[in-house]
Amino acid sequence: GMLNQFAQGREAVSVATIRTADIEAWLAEHATTPGYRHTWINRLSTLFSFAKRQEWIRQNPCDRVERVVIERKRPQILTAEQAKTCATLIRDELPVALGWLSLALFCGLRPEEAEELQWSEIDLEKGIVKVDAAASRVRWRRLVYCTPGAVKWLAKAKDLGAALPIPRHTRRRAVSMM
């Protein structure tokens, strides 16, 4: 994962020799967005905190790395027309993602929950989606009752061969299109 990327080329290097400047240089090359920079710093800092507790290093070099502040904007509520425009765009340009979008947009599932669902958990006849505890952020199993419009979009997605579950990179591609 991420730490293996950082370790690449440093296999023979002692953790004690890694300096703040090394981390900054690596972040400049690999952390292409503020969100990635934030994540990378946190993960590297955790690694170096472990090394400090083991007394392999005296100071965490991430303590002196410039941190970023991520401002989380309030989620926007789409109008019915905007939602239809998004769904139509994905239907026409990336139909593999239409099932995910229909679940997230019209059934009220969190994007991450919708990403993990399978078609076997959707009963189109009854208009019910079963969200398993493992897929739920709050770790509770629940049933979601779909509106007739949501069922129509889900049926269209299934007819077009939309994938469920959907890979995260496909979800990101769909979001970037809208």
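1. Ala104 touches Leu109, Pro111 and Ala114, leaving aside residues up to four places away in sequence. Ala104 itself belongs to helix α5, which covers residues 98–106. This is a predicted model, and the contacts should be read as belonging to that model.

2. Glu115 lies eleven residues from Ala104 along the chain.

3. Which residues of helix α2 are buried? Within this helix, residues 20–30, they are Thr20, Ile23, Trp26 and Leu27. Looking down the axis of α2, the buried residues fall within an arc of 130°, so they line one face of the helix. An α-helix has 3.6 residues a turn, so residues three or four places apart point the same way.

4. The face of α2 turned away from the buried side carries Ala21, Ala28 and Glu29, which are exposed. On the buried side, the cover over the buried residues of α2 includes α1 (2–7) and α3 (34–53).

5. How many disulfides are there? The count is zero, by a rule that asks for a pair of cysteine sulfur atoms within 2.5 Å. Cys146 is in no disulfide.

6. Is Cys146 buried or exposed? Cys146 has 15% relative accessibility and so counts as buried, since buried means under 20%. Cys62, at 0% relative accessibility, counts as buried too.

Conventions:
Residues are numbered from 1 along each chain as its sequence is written. This is a predicted model: local features need pLDDT of at least 70, side-chain atom pairs count only at pLDDT 80 or more; totals for chains, interfaces and linings use all residues. Side-chain values use heavy atoms; hydrogens and water are left out. Buried means under 20% relative accessible area, exposed over 50%, partly exposed in between (1.4 Å probe, protein chains only). Helices (H or I, at least four residues) and strands (E, at least two) are DSSP runs, numbered from the N terminus. The arc is that of the directions from the helix axis to the C-beta atoms. Contact means heavy atoms within 4.5 Å.
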